[in-house]
Amino acid sequence: MSNDRLPAVRVAAVQAAPVFLDRDSTLDKLESLVADAAAQGAELVVFGETFVSGFPIWGSVLAPVDQHDLYLRLFESAITVPGPHAERLGRIAARHGVVLSVGVNERAGHSLGQLFNSNLIFDRRGNLVNHRRKLVGTWHERLTWSHGDAHNLEPVDLGGWFLGALICGENTNTLARYTLLAQGERLHIATYPPAWPFDQRADAPEYDLAESIRLRSAAHSFEGKVFTVVAATTLDQSAIDAVAEGDSRIERLLRATPTVSMIVGPRGEVIAGPPEGHEGIVTATVDLHDEIVLKRAHDIVGTYNRFDIFDLRVDKTRRPAITTTDGESSEPEHASRVVDSALLNGDGVSADVL
């Protein structure tokens with residue numbers, strides 16, 4: 001009888017800037033970067049928060065009344081899921097034979113005003129196997145993105161990987177992290193933005209985005225005894241110019257809190273990264289079998305817990321904007337389900353083309 005052994009996985013965290021608020025050019029760049037990562041042997045390729053096609057960093061440095069034009073461009077460059085641009089991402093994954101994780105700005109199929117901060121995971125055949133929407137926008141992000149839900153807040157098997165993903169500040173949400181771990185997560189994805197200017201008071205230190213990312217990643221890996229792939233986006237000069245419009249103070253703020261990508265082991269140690277340059281691909285081979293012995297000390301979803309004392313319940317429902325029934329129909333429940341499905345999937349709405 002052969003023994004069971006967990007797989008070793010070659011992972012890649014891509015730290016790169018999208019082509020700011022340009023969806024098609026960003027997808028072209030993404031495909032080139034996937035090809036580079038695949039050439040380095042990567043089986044999993046991870047891009048940062050809303051890589052398609054930009055993070056609304058202007059929310060932290062501009063007054064709300066000055067953000068409308070940038071928001072409009074963000075909406076125009078967003079995608080629907082499903083939709084032709086999501087399908088293209090799937091084809092890219094299949095063409096290069098990788099599992100692809102990418103952050104996107106997702107447009108609601110039924111609304112011209114609702115955007116979600118979403119993360120998509122495609123398997124090696126190009127199938128969309130996980131579609132997450134960020135639970136809660138952080139600080140200024142709530143001016144841009146609607147609340148998400150717990151739909152697909154679960155790891156994907158992928159031949160023993162049990163791959164889960166959280167977006168930026170979700171990695172500080174203890175219950176969200178526990179939810180993934182309690183469903184068997186072994187390999188974790190954490191995605192982050194390009195910068196985070198936060199506090200300009202004279203007597204307060206500025207928010208250290210890089211150190212915050214390191215702390216969060218080490219905490220989840222150590223507590224859960226899992227490997228974490230951290231991927232962040234960056235700001236290029238065109239993005240800074242578009243937001244700052246020549247204002248030197250805003251430029252300084254956007255450059256003051258650089259991001260970081262890395263790969264973290266189950267002891268909380270950084271095993272690869274950050275990249276040497278502003279952009280780069282961080283790679284490592286992670287052996288999931290290493291997690292087993294470490295869980296003898298602290299298995300917070302097993303023997304190091306008290307399920308008779310603690311009880312966590314999670315509602316994974318993805319709720320539609322409206323549920324209708326036809327009073328003349330002999331099958332009102334069926335009619336309701338059809339409407340729900342159409343709204344959830346954006347069916348019948350050509351929202352990718354304005």
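Helix H4 (residues 174-182) is the biggest contributor to the lining of the largest pocket, giving 5 residues. Before going further, please keep in mind that this is a predicted model.

Let's stay with that pocket for a moment. Its volume is about 280 Å³. Among the residues lining the largest pocket are Thr174, Leu175, Arg177, Tyr178 and Leu181, along with Glu223, Ile300, Asn305, Phe307, Phe310, Asp311 and Leu312.

Around the largest cavity you will find Ala17, Pro18, Phe20, Gly54, Phe55, Pro194, Thr233, Thr234, Leu235, Asp236 and Ala239.

| Space | Volume | Lining residues by class |
|---|---|---|
| Largest pocket | about 280 Å³ | 7 nonpolar, 2 polar, 3 charged |
| Largest cavity | about 60 Å³ | 7 nonpolar, 3 polar, 1 charged |

Now for a pair of helices. Two packed helices are described by the angle between their axes and the distance between the axes. The axes of helix H6 (residues 237-244) and helix H7 (residues 248-255) cross at roughly 135° and come within 9 Å. Because of that angle, H6 is oblique to H7. The crossing of H6 and H7 is right-handed. On the H6 side, Gln237, Ile240, Asp241, Val243 and Ala244 make the contact, and they meet Ile250, Glu251, Leu254 and Arg255 of H7. Sorted by class, the residues of this contact are 5 nonpolar, 1 polar and 3 charged.

Methods
Residues are numbered from 1 along each chain as its sequence is written. This is a predicted model: local features need pLDDT of at least 70, side-chain atom pairs count only at pLDDT 80 or more; totals for chains, interfaces and linings use all residues. Side-chain values use heavy atoms; hydrogens and water are left out. Axes are lines fitted to C-alpha atoms, for helices over the stretch in contact, and angles run from 0 to 180 degrees between N-to-C directions. Helices (H or I, at least four residues) and strands (E, at least two) are DSSP runs, numbered from the N terminus. Angles under 35 degrees count as roughly parallel, over 145 as roughly antiparallel, 65 to 115 as roughly perpendicular and the rest as oblique. A crossing is left-handed if the near helix is turned anticlockwise from the far one by less than a right angle, and right-handed if clockwise. Contact means heavy atoms within 4.5 Å. Ala, Val, Leu, Ile, Met, Phe, Trp, Tyr, Cys and Pro count as nonpolar, Asp, Glu, Lys and Arg as charged, and the others, Gly among them, as polar. On a 1 Å grid over the protein atoms alone, a cavity is a set of points where a 1.4 Å probe fits but cannot get out, and a pocket is an open set with protein on both sides within 12 Å along at least five of seven lines; lining residues have an atom within 4 Å of a point. Grid points are joined across faces, edges and corners, and a volume is the space filled by probe spheres set on the points.
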